[in-house]
Amino acid sequence: MHKLKKDGPRSFYPFVFMDIMGLEAEDESGVHTDDIKSILLGHVKNGYTFNAQKPIDKDDPKYISNPGLKDKVHCLVSVLPADRISLISDEVMDKMKTVRKKARDLEIPQVVIMSLVDEACPLVKDNLSKIYTSKKIKEKMKVCSDRLGVPVNFIFPVQNYHEQITNDLNMDILILMAMTHIIIFANDYVEDQDQCYTQHFFRDADAHTWSSSVQVQLYSRAEETNYSNNTFEVSEASVMSWVRKAMKGLINPSQSPAPGPNPELDKPWREVTWSGEGKSQMMRKLKDFQPGTAEVRELKILLHGPVGAGKSSFINSVNTVLQGYNTTGALAASAAGKSFTVEFKYHRLKKDKPGSFYPFVFTDIMGLEAEDSNGVQTEDIINILQGHVKGGYAFNPFKPIDKDDPRYISNPGLKDKVHCLVSVLQADRISLITDDVIKKMRAVREKARDLGIPQVVVMTLVDRACPLVQEDLSKIYISRKIKEKMKECSDRLGVPMNCIFPVQNYHEQVTNELNMDLLILMAMSDIIRFANDYVEDQVYNANEYAENQLHSE
């Protein structure tokens, strides 16, 4: 473990780095993935010597049998070189994904450090401050995101100190940006794990006789790994060549295409106050909000939709807006072929002090897929709506929860049930969602309707669906394309337009953006209002029924 000295003798920063042997393609070389998993779980003491042939044994003197929270990893950091991301072998990437999945199961936050940015881009090599205007760096971050399955807003490009012997301001700033997020994520994880808050990290060392450290594990591929040909760039070139040939055959250069309709409508069809004051008003209402009845202490909001629609990212985005910084409470994948969420879990959002949470929770579930043997079962979603499923239930794509399952609630109360159903769909792929998935979503929606549960649709990825909006998010309600996408969403899912909220989730951004925050807050304000109205109606109707029964006797 690497401790970093602070400003005085025997004074250290309250976080440590755990650097390990690199990953290699061959199974008999490099660190064993089982060793990394054991480190994540806190089973390995400092000083353990790695054996590429076999992982640590439980009888090893460096093995910790019953690790506590202080022994475990609090943030997993993957380190990849920007100039060679597409050259890393599939075998190494598979090993990194295996570790990432284990960290996901343990709910450990994850970050990627993309190093050697100066080697990847001449523009950045010449002027590091242009790193976020560099197309090459953004492309490299996208390749990293696609290959490892990490959202772009958890990838931090840096230039490590290598040749320099004095500090460089721009290098320092990028490294500090990465470290700030790593420490925030790690501390949030520790606080969430330590529900009783018997320890609180980052307290003033002078005020306490004890000290605690956030543990950050770094791992990467081995330096000496031999890489195969750059198959990514070859395949990309092949595809682009095919597109150019196809376009030549389809388009006659002498013909000018007919002008399309104006992408902008004459005026906005929804009013939005695009200002900091508008954001502040909605933030105050959410911070001051309390459920309107004592029977329910926290409103339950269920998110469902196709795999990769952005359910976990929406939870993180809401949390980012409320906290004012990048968050990673609901672990999300960058682009999903299979669902990254495998367990039914409640996500509580921290308020302004330890142990204080907003009085609403998100329930994130496995994504829907077309095949009956893949993705979440619609029966499971219906059981969740009715309050029959406890947090921690592991989804089984082949069969729904059984009544004998220890996670099954036989007689749920109003507090156990869902109070608002939120369907999440991607704006750029609404027409591509299969009829089978839409049919499953409609079945869930019909059950929610029968139960009287209010419903909302969050339409994500609006920036990908419309170039006008990608350039200026404040034009979302004068965009002809976005209104068409919302109408298509309304028609396919059967949801009124006034219950559909287009948003842009936080994906690449690591700092808050006003217009993104406003759209997310608009959606959340209505979701909370609808959920609270439902809870109040349920309690009122139950009380009214009880009074009528009493009078009839």
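This predicted model holds 11 aromatic pairs. Rings of Phe, Tyr and Trp (its six-membered ring) pair if their centres lie within 6.5 Å. Planes under 30 degrees apart count as stacked, over 60 as edge-to-face, and the rest as tilted. A pair of aromatic rings is described by two things: the distance of the centres and the angle of the planes.

Start with Phe 344 and Phe 395. Their ring centres are 6.5 Å apart and their planes stand at 70°, so this pair is edge-to-face. The two residues sit in distant parts of the chain, 51 residues apart. Phe 344 is in the loop between helix H9 (311-323) and strand S8 (345-350). Phe 395 is in the loop between helix H10 (378-385) and strand S10 (420-426). Helices (H or I, at least four residues) and strands (E, at least two) are DSSP runs, numbered from the N terminus. Both Phe 344 and Phe 395 are buried. Buried means under 20% relative accessible area, exposed means over 50%, and partly exposed lies in between (1.4 Å probe, protein chains only).

Now take Tyr 358 and Phe 360. Their pair is tilted, with 5.5 Å from centre to centre and 40° between the planes. Tyr 358 is buried, and Phe 360 is buried too. Both belong to one aromatic cluster, together with Phe 314 and Phe 362.

Two lysines sit over rings. A charge counts as over a ring if NZ of Lys or CZ of Arg is within 6 Å of the ring centre and within 35 degrees of the ring normal. Lys 3 lies over the face of Phe 12, 5.8 Å from the ring centre. Lys 6 lies over the face of Tyr 13, at 5.6 Å.

Next comes the interior. In soluble globular proteins, nonpolar side chains tend to be buried together. A nonpolar core is a set of buried Ala, Val, Leu, Ile, Met, Phe, Trp, Tyr and Cys residues joined through side-chain atoms within 4.5 Å. The largest such core has 88 residues. Those touching the most other members are Ile 301, Phe 314, Phe 360, Phe 362, Val 422, Ile 482 and Met 524. Helix H15 (residues 514-552) gives the most to this core, with 14 residues. Look at Phe 362. Leaving out residues up to four places away in sequence, Phe 362 touches several others, including Ile 301, Phe 314, Lys 345 and Met 524. A second, separate core has 61 residues, among them Val 31, Tyr 63, Val 111 and Ile 137.

Charged side chains make links as well. The structure holds 20 salt bridges. A salt bridge is a side-chain nitrogen of Lys or Arg within 4 Å of a carboxyl oxygen of Asp or Glu. Arg 147 forms one with Asp 90, with the closest N and O atoms 2.8 Å apart. Arg 147 lies in helix H5 (residues 135-148) and Asp 90 in helix H2 (residues 90-105), 57 residues apart. Arg 147 counts as buried, at 18% relative accessibility. Asp 90 counts as exposed, at 52%.

Lys 345 bridges to Glu 107, and their closest N and O atoms are 3.0 Å apart. Lys 345 is in strand S8 and Glu 107 is in the loop between H2 and strand S4 (110-115), so the pair ties together parts 238 residues apart in sequence. Lys 345 is partly exposed at 22%. Glu 107 is partly exposed at 28%.

Strand S8 also holds Lys 350, which is 162 residues from Asp 188 in helix H6 (residues 169-193). The side chains of Asp 188 and Lys 350 meet in a salt bridge of 2.7 Å, N to O. Asp 188 is buried at 14%, and Lys 350 is buried at 12%. Shared partners join Asp 188, Glu 191 and Lys 350 into one salt-bridge network.

What about the cysteines? A disulfide is a covalent bond between the sulfur atoms of two cysteines. Here it is a pair of cysteine sulfur atoms within 2.5 Å. A search of the whole structure finds 0 disulfides. The sulfur of Cys 499 has its closest cysteine sulfur in Cys 420, but the gap is 8.8 Å, too far for a bond. Cys 499 is buried, at 15%.

Finally, the whole chain. The chain has 15 helices and 12 strands. Of its 553 residues, 49% are buried. Contact means heavy atoms within 4.5 Å. Among contacts with a separation of 6 or more, 70% join residues 24 or more positions apart.

Residues are numbered from 1 along each chain as its sequence is written, and side-chain values use heavy atoms, with hydrogens and water left out. In this predicted model, local features need pLDDT of at least 70 and side-chain atom pairs count only at pLDDT 80 or more, while totals for chains, interfaces and linings use all residues.
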